[in-house]
Structures are given as C-alpha cells and as structure tokens.
Amino acid sequence: MRIATLLLLLAALLPGQAAQADGYPEVRPGTPVQLPADAGSHPAFRTEWWYVTGWLSMPDGAPLGFQVTFFRSRPTLATGNPSRFATGQVLIAHAAISDPARARLWHDQRIARAGFGIAEAAVGRTDVAIRDWSLSTEGARLHATVPADGFGLDLAFEPTSVVLNGRDGYSQKGPATGSASYYYSLPGLAVRGTVRRAGVPVAVTGRAWLDHEWSSAPLDAESVGWDWVGLNLDDGGALMAFRIRDPRGAVRWAGGTRRWPDGRVEALAPAAVSFTPGRRWRSPRTAIEYPVEWRLGAGGLALELVPLMDDQESDSRLSTGAVYWEGAVTAKAGARILGRGYLELTGYGDPLRLR
Amino acid sequence: MVSATLRVAFAVFAAQVRDRPLRLLVSIGAIAVGVALAAAVHLVNESALAEFSRATRELSGSADLVVRGTRAGFDEALYPQLAKLDGVAVASPVLAREAPLVGGGSLPLEGVDPLAAAAIRPALYGELAGLYVALQEPDALVLSARAARELGVRQGGTVAVQGPAGARTLRVVAVLPEGATGRRIGYMDVGSLQWFAAGLGQLSRIDLRLRSGVDPARYATTLRLPSGVDALTPDVEETRASNLTRAYRVNLDMLALVALLTGAFLVYATQALAVMRRRRQLALLRALGVRATEVRVAVIVEGALTGALGGLAGTALGWMIAVLTLRLLGGDLGSGLLQASTVAVTARPVVLVAFVLLGVFVAVAGAWMPARHAATIAPARALKAGDDEAIPGPVARLPLAGVLLAAGAGAAFLPPMHGLPLGGYASIALLLAGGVLLVPAFVGVALAHAGAPRAPIAGLVLARLRGAIAQSAVSLAAIVVSFSLMVAMATMVHSFRDSFERWLGEVLPADVYLRLAPGADTWDLGPAEGAALAALPGVARVELRRTLPVSLAREQPPVTLIARPLGGEAGGLPVIARAASLDASLPRAYVSEALRDLYGVVPGGSVTVPVGGKPVRFAVAGLWRDYARSTGSIVVDLLDFERLSGTRRYTEGSVWLAPGADGEAVRAAVAARLGGGEALQVTTTGTLRARALEAFDRAFAITYAIEAVAVGIGLLGVVLAFAVQALARRAEFGMLRHLGLRRREVLGMLAGEGAFMAAVGVVYGLLLGLGLSVVLVHVVNRQSFHWTLDYVVPIGSLGIVATALVAAAAVTAGLTGRIATSDAVVRAVREDW
Amino acid sequence: MAAALLAVEGLVRRYRADRPAVIDGLGFTLEPGEWVAVMGESGVGKSTLLNLIAGLDSPDAGSIRLDGRELAGLDDDALTLLRRESMGFVFQAFHVLPYLSVGRNVALPLELNGVPAASIATRVATVLADVGLGDALDRLPRELSGGEMQRVAIARALVHRPRLVLADEPTGNLDPRSATQVLELLARTVRAYGGGGLLITHSRAAAATADRAVEFDGRAFRPLSPG
C-alpha cells in the first residue's frame, strides 16, 4: 500500500490546516440547525460526518464497544463536467468493534466516489451508503448495516433526545468565528441488533451516541489535533466535551454540551472544560503514544475516563489517512461509574486533524 | 566398462580437439546456429507473450472478472447494475481511449475512478487514488513513467491532445513511479475523460472484484450483459491474446526447427568426416581390445559433447539475438499482431536447459550413423592398406517412404486442432521425411538418365556418382530439406503477397482514403463532414463508412463490423462465394472467410451481430476475402446499420476524384477541410497501397531471414559432405594425378560432381517444396489465418536461388578439391602404414 | 647417352634447410627395357625418388631426363601429359577405383590419351588376358582378391604401353604366394610391352625378378651386396 500517497489524498479530502472555504459555504452563527431537514446531507459543504459510537452488551453481559462512521467530502468545486462520474463527492466509512474479552479491535473501512446509487448521501434525511454499508432512517429509528471484513454490525437505534451543540447547532472550533461547524448529537440512543465476529452472530443491546456535523473549515491553521468525549450518563443525562490543541500542545479552543436528565441543555464555554491527561499507552503498530486515561472537568462534573481496553487505535490510513485513537471509555468518579461513552484522540502522531 | 568407454571417448575427443580444433568448431557452430535460431524465435515469442500477459494482468489487476465490450464501449448504466450485485465486492469503471497527439502519434488514455480501481489493483491505482483530488480537475492527466519519458514531459508540464472539439492541453499533475506500470499510458479521471473524449455515458470496461467464495467463471455466466459485452476472467483475456498470435508464432517456431534439423545433417556430415579420418585409429582401438559397442558409444558421446557445447553457445547466442530482435523489431517480430510495449527477454531456466538438450539431441542424432559405422569397421581390413571403403549412406527404403508420403498426404486433410494447423505441420514433417528417404532413388533415376558422356572426366564424374549413390544422397539430404522448405515458404509468401496485392486493388477502388487514427475514438465523422467533402473541388463522389469491433463469441477476439454502402450488389467487395437464396426479410451481410472457419457462418445462413446494443440477425449474402483482419469481419449495408443503431457517425471514408483532378491536391484539401489533425489520416490510394505492402513485407522479413539461414546451413552441409568425401578420396585423386589428370581436371571433376548433385538436389527440392507449398497454402495458411490464397509459384526468384545454389555447390565442391589436389595428396597414394 | 631411357644426374631433394638432404647427389641411368629393382632401408628417400621421376615433386638440384627430355623445365601440365603418355604406376595399395569396373579401370589411361573407343576395347581385353584376368572385364574391384586387384593395377599401368613403369612396393599388401606371381607377371609384362622401369622393394626375392638390383642409400645406386 502506498500509505504516503493516501495520506496526501486525505490531506486534501479532509479539511486542511489552511481553514479557507473559498467557494464553499461558510458556517455562520445565527443559522440554527433545523431537524429533521438537517439530518440529511449538506453536499455543498466541504466535510460532513455521521458518527455513531456506543456500548453494547452481549447476552452474557460482556461489553463491546462499537463505532460506525460515514464521512462525506467534497474535495473540489464544480467543474462544469456533465459526466455522471463528476459528482465532486467522496464518501468514506469506518466501522470498528472493541472486543475486550478477546483483546481485539475489529475494524474496516470503505471509500467511494458518490454517484450511481453505489455511494450516496441523501439530502433531507439520514440516509448514507457506500455499496452495502449504510446508515439509514427507518421511521423514527436509524439503522446501521455494516457487513465488514471479518465482522459485521446490524444495529437499530432508537433516539431518545436531541442536542444542538453550541448555539443552536453552531459549534465554534477556534477563536475565529469562521472556525466552526454545524453540529448536533443524538445522545442516549437505545441500541438493539446483531453483531457478527468471525462469522458468529450475537444479539446485542446497548446505548449509543450519534454526532452529525458539517462544515467547510472547522479547524484553523494553528490547530493540530483534538480530544473529544461523548458520554451517556447513567442518570439519563449526557456530556460532550472537546478541546483543540495547537502544535505546542496548548489548548487553542474548547467547548462542550451538558444535558441534564430533565432535558435542560447547557453549552459549555472554553473555560468550563478541562482535559488532564493521565496514563499513556504506546501503540505497538504505529509507536504513537496516546493518553488513554484522563481527568475531565466539564459542566460541573469531575470525571476519570478509563478505557474499555488500551488498544483502540484506528489505523484508517487506507481511507481517511488518519491514525487516531477512538475508544469506549467508562466515566468514573472514584469507584463509582457515572456513565459510558467514547473518547477520541487525534493528532498525536502526524499533525493531522480529523475533526 | 562404462568408465573405460568414457575414457576412450574422452581420449578420442581430446585428440580430435588437439588435432583439428577448427573442424570441431564447425560442428559446434552448426549446432549453435540451429539452436540459436530456434531459441531466439522461441524466446522472442515467449517474452512477447509474457509481456502481453503481464500487460493484460496489469490492466485487469487482481480483478476476478473483466467486463468488456468492444473499443466502442457500452452504456455506463451497466456499471451501477453490476456494482450493486450481491456477488460483486467492487466494480471499477474504465473508459479507454487512444488520443491523437498534436504533432503526431497518439497516447492511450484510460479514464478510471481511482478509488474503485485502487480497491482492485492497489499496486497500480493506489498511486492514482493518492492523486484523487488533483485528478478531479478536468484537464488533469497522470502519465506513466514511460509515457512521460517518451513524450519528454515532467510533472507540471503539458500534453497537447487532439480532442473532438479541437486540440486540448492536458496538465501533467503527476508521473507514476517507474515500477507502477511498464505501459506508455496516461490516466485521467473517468468523468474527465468522458467529457473530454465525447464519451459521456460510455465505458469500455468494468473490472470486478467478487466477494470471496464466488467462483468467477461460474459467476460470469450468471451475469446478464448486453449483446456484445462479455465478462471474462483474466485467463480468458490471455487466451485471446495468445490465440491471436499463436498461428504466427507456431509458424516461426517450425521454421526455426527446420534450421535446427538442417544443422543435424551438418553434424552428421562432420561426424562422418571425423570417423572417416580416424578410421584407422578406431580400428587400432578395436584391435587393442575395445569392443564395437564401446567405439560406438565413444563416437556418440563425442557427438553429445559437441552438441552440448553447440547447445550452450547456441542458447547464449539465441538469447542475444532475441534481445536485439526485441529491441529492433518489437515483440511481435514485425507482424503487428501484438501491441506489447517494451519487451524484455524472459525465459524460465528449464526452457534454456531444453534448448541446450535440443542441441545435444540433434548432435547425437547426427552422430548416430557414423557411430554405427565406426563400430562396424573391420579392424584387420581398415588397418591394412588400400581399404577405400567410404562412408555409408542411408539406403533407399521405398516402402517406408511410400507409407510416409501417403500418411503426409492424409494428414493434410485433418481439421485444425486447438486452432492450430497441427495436421498441416504433421503433413509437412511426414512428406519431408518420406521425401528424404526417396532422395537416393531420385538420384539413381537422375544418374540413369544422365547417359554416357564421351569426355573421360565427365565419364569419371558420372561413374563415381553412380558408384556411390547412397553417399551422394546423404550429402543432398540437408540441401533437399532446407531448399524444399524454402521453396514451400517462398511459394506461400509469394502466393499471399500476390493475392494480397490484387486484393488491395479490389478493396481500394477510390482515389483518396480517410480514416480515424487507430483507436482515435476522440474524433468523429458525421454526415455534415461527408457533405462538406463532396462539395470540395475535384471531388466526384464521397463514401463514408463505419467500422467497429464487435464480439461474437466469448473466447474469440473481436470481429470487425464494417458498415458501408453496398448498393444492389456487393459494392465492389472481393466476394468469393454467394448465397444461392436469401432470407429477404433480414438485412444483408457479407462475411469474411474467418467467419466461416471460426463461427461456421456460411452464405445463405445467418449471423447475429450486436448493433446498437441489440443482437441483430443478418442474412449472409456472400463470403468475401479479407486479408486485413484475420479474426474476421462482417460487412453490412450502411443504411441498415444507421437504421439499426440509430447513429450516423463514421470512421472511414473514400473519395473519388473528378476527371482531371490531382490526387495529392484533393488529399490535402480533404485533410484541411476536416481538420482533425492527427486524429484523421488522409491518404492517397498509392500511399496506402505502398504502406500496406511495406507492412506485409516487414511482417515476413523475419521469415525470409530464417529461411536464408536454413538454406545457408544446408549449403554448408553440402560443402562439408564434399569435404568429407574429398578427404576420403585423397588416395584416389593422388592416383588420378599419377595417371595423368591435370590438377584442374581433378578440380573440374569435383566441381562437376558438386554441380550435378546440387542440380539434382535442387530439382528434387523444388519438386518436394512445391508439394509442401500446396500443404502450406491450402492447409497451414488457411487454418492459421482463415483466408484462402491464390496459388502462385514465384518462378523467377526460385530460379535465381536454385541457380545460385548449384553454382555455390560447384564452387565450394571445387574448393574442397583444393585439399584433394594439394601435394600432400600425391603422397597419399603411399599412405600405407 | 642419348639412348638412355632415364638419366638422373646430381639429384638433390631437401625438404627442410636445417636437415640433411633426403636425396643427395644421386646419379644413375636406366637403359630402355631395363627393369631394375631398387632396395633400401625405410626412409632413405625411395618414394621421394619416385615422385621426382614422376614429375610430382621437383628437385632442388640436378637433372632428370626421360628419353633425353629434361623434366626440370616443364610445367605441371606438361609433366601431367608426360605421365599420361609415357609412364605407368603400380602402387602398394593398388588404388583401383572402387566405383569403376575392372575394364573401365584399365581403360582409364587410354581414355585420357584420347585413344578411339573401339581400339580401347580390344587393347583392354588383350592386356587383361595378359595378366590372367580375361574374364574379369565387367567385375567390380570389391569382388577381387588382393592379388587380382594388383593385376588389374598392372594392366592399367601397362595398357598404354608406357616407356617407364614405376612400381612402389607392389607386393607389400599381398601374401607371399600372390606376391611371387604378381612380381613375375609384372617383370614379364613390362618386358613384353617394351617398357623399362624401377621396382622399389624390400624383398630380395622380389629384387630377384628384376634384370638387376641396386641398393639405394639416398646418395647413389650401388650394386646389391650379396647375402
């Protein structure tokens, strides 16, 4: 595999360090996210993703972490080419299962040019597919079908709540107002379905989280990576927090959203979020060192984040070109478990950013 | 006893090397030349084919199935249909076009979806996937390293290409690394190429990777594909390629083997000479207690060693020739059958070993009879003086010869096997073998009719020849074999060329021809252009045609469909058979002979051809001769085609001049009026004819070269045979000198013998060769290329070669006589130890 | 002197400058009709002497006159014609052409001398009868014994009645009985056909069939010492 060239591809496909949006629509405050219309694709924007992460439990009670992600990228502007191939859109998908009992991370990915019904992201509703992988809307529910290499996911998600992050979905990602995305989350998704590992199906239930975010230039040139966490709290609430790091590792921006069990939603200012790295783990494959345990202060909560397993590194150089850590974590306060969710750590290897 | 025998062999061999190294070198050289020829031809063919396979594999990558129509392509709607099938993991759409370059030549362009392609063939297309974003620009082009080198451009440079809408400048956004592909090719995004090359909605190929566990061959049969589109496994692709060239390659292989066979006779002559020279040494060995079988084994081992050295040298030489040939002529030996790019000589070690062994085998075969003779030397007699017994020749075996000739005649009637004229080749081999066995009988008849000349020298010549018919026949075998095959090949090639030339006259009735450059799918001729041409001054009439490749059967190469105005009759086609009655409800078609041979299509029957994506049945009105396309062609009326396909686009045209108009001026006017630059070739009939014949001669140049070498080896065989005899007869010449023959009379006697025997051999070779040529023309040619030829004997050139051969034989025989008349010879009368 | 058949004077033949001459100052005369046996050790130059007399080798010095005609000044063609007309040869190894019948073998010298065909037939028949092979005219050499073959060679050497007959160990390949018969026949026939010549031999018995015998040592002919 020509890894280097694929990295080049992704450097271009995904929002680059130069956060310019020449010719692309800009994300502006004051344009609230409208659901359900905004659940679909926004093809004019440069980048968009639907990101489902969550915890599953098998009939024997053993836990599994999973993630299913669909990216949409519009790397080039219209050229006037009437060819049906010249859609200007590329779709990428990732799927992974964190399997602590087997100490194994199953993962696979897809990439395809949009068009011909082979890879499509529908406008107006969540319905995105690459060949036989899909995340679609079925009535009130979402459905992910991912027959992957060595494993498979077939999961139905029942939404329980909607959170518009930032200001009505305008989520600022840097000091400039242009560094932003439209961003809403569906925390507390009730999951039911089947997971296949090595051809063996097992019925699962669990709780998950969907992020849907679109932008043309979320990150500015000073940003090299971020830490993000989304937690479904056992009390029925939810917490999302992120921070953006600059090349020296200092915090360039931060933010988050706290949803209380009663449905109240609070946007967290940069100062209200603090990430403190704890134990580190070095990937044996890429030699990248990730802080896999954290102390998180956000929205009045002081939490310790403990990973389901250390090795939840996603090597997606074949599709998005990024190497990052994306894993199931437990949120604790002392010995008490407050909730479960997913932690994402990017930019610890090459200075390459995903979100 | 084996070791003793081998010691004898080595002692004998070493003694010979020390004694006469040059003579050994001749033996080794003869084997080496034969092996070199066979090896070179084989290596070139194998390497070219390997390269072609590699290119094919590279094209299709690790695709399990390749779905392809003809070059004209098919509707892209097939792409999503296939991509969404359950058994398909990835479908990679490809549009292939040959883009004429501004300033000459053309560049193959492939439009791909790099992301899908990389999923099938990451080694090549992974590079392109990395360039995905850059390739989205409509004018972005990625060149292979070879294309960049040959076009002299680098990353950031530009390539000017002739598009349908005029010249376009493409930007070279990247050059692939050398290892990615050996092809000279440019890559664009499939969407960009569709737009640029007026191929919107069109694809040429879809590579499929199937889900694991799906059997490609079986899955291919379940696909529902439009008419003219096939799903092939890459193996089948290779089969197509090798089918296309197999007949030509087998022809050359056979020729090379003939050279080797002739070399075997040469070894025979030199081994016989060696035995002759050492008969007393061998007799002494026998007298000293070496057994007859051991002497025999010793001589054979000596031959085997000669063969091994010759085989080694020949294989090395063949390798060098192959390298040079590939560099100079290309992988198809000038036949134009393979469009393989740079071909490097590749060979499995086992093949090289086989060629060395072939040399050994041939040398052992050549040493067999002299070895037998060496073993039968009566020691006492040979050690005694005056034993003038000469080398024995094969005796005429008339019944066996008759059986061989009859079998040879019978084999000519066998149908082709695996698409090859194996029966024809067997026939030639059997006729040759039978013919060689009859040589002594023929020589006897010739001598019996030579009469009794008055001149004492001539009398001596004839008496000598009559007294040693068997020996003379041996010296003739090599020349008979090589000359008869030369006659046969020359007759076939001449018949072909003669027929081809006349055919050119029939199929090129107009004065100026225009056609799109080969593969120039980026340019089109329409009715408007036709009208514009007809209005040009000096133009009397314009006819436009459409040719396109269509696929009739899965494993056969595509057939050319020619849509042209047929008018009431066959419209000037060289038709050789007509249907007695026709189904008037069907459109008419004339099929080439290949259709009859390959698909069983006959006049009066029907043929189903994909037109405009639908299968259409045509009534076959006649059979026409088409030397341009050995894979077959179908001519239909242009009006039918336009009606059936709904298109009015053309690829070729003919222009007739008004009385008094100048061909070249009209040609220039046509070219200027149409524009199109390099995409359009406009030529006068004269130029076209000259080019066609030149291409023909180039294709057969290698054939002539191999023939010449074979005849040269044959002649060398005659010379050596005479040298053998001259040495064996030294005492005789010495005695004749004592009797009062002048030196020049002895020389004249030898030259006379040489000339007479060569004349007999040439006449016999001519007769045998004409027999063989009938098999070549009517069986081998027909089964290889699927067209018939008019049988024409090149009397003039054969006469010249025959005369030259006789003269050469006389001169060389006379030269060997110099040995015979040297002063040493005088003393040979007292060689009495 | 003018009457001598063969007159050799001061004959020198040297193959290599750094070696002693093979023949060094030989001189002798042979009268017409004289049949002389020459004996000598191996390697004394007997064969060289015959080649020089036959004109197939040229001397470094000295003269050879046949019937008074000096050979030294003649070119190869003239020498060839001289051999053809005036000389006959008998070799140890017979050298009968295997592909010609006995009759044709014997007829060769006559044919080469342009004798009319009719005359050739009678002369061949006569000479074959004279050597005792009157019935062998159409036989091939391979059907003959060694002694018979040598008789054919004698017939061929004499059929054109040469002035000079040169016989080089004619019985070397024959058994003693055949040898005696052949030698007697040779001596008789040479005399009968009016020729003279030299008989090179190793054998005293053979030498005894000649008119006289000499011993040759490379320098001179000396009368054969008794014993």
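The model is predicted; local features need pLDDT of at least 70, side-chain atom pairs count only at pLDDT 80 or more, and totals for chains, interfaces and linings use all residues. Residues are numbered from 1 along each chain as its sequence is written, and chains are lettered from A in the order in which they are written.

**Cores.** A nonpolar core is a set of buried Ala, Val, Leu, Ile, Met, Phe, Trp, Tyr and Cys residues joined through C-beta atoms within 7 Å. Buried means 20 or more other C-beta atoms within 10 Å of a residue's own, exposed means 12 or fewer, and partly exposed lies in between, with C-beta atoms placed from the backbone.

| Core | Residues | Members include |
|---|---|---|
| Largest | 197 residues | B:Val480, C:Leu166, C:Leu199 |
| Second, separate | 156 residues | A:Val128, B:Tyr132, B:Val142, B:Val190 |

Helices are DSSP runs of H or I, at least four residues; strands are runs of E, at least two.

**Helix α6(C).** This helix spans residues 176-192. Its buried residues include C:Ala179, C:Leu183 and C:Val190.

**Contact of B and C.** Chain C gives 28 residues and chain B gives 24, counting C-beta atoms, placed from the backbone, within 7 Å. On the chain C side, α2(C) gives the most, with six residues.

Methods:
Two residues are in contact if their C-beta atoms, placed from the backbone, lie within 7 Å. The expected span of a helix is 1.5 Å times one less than its number of residues.
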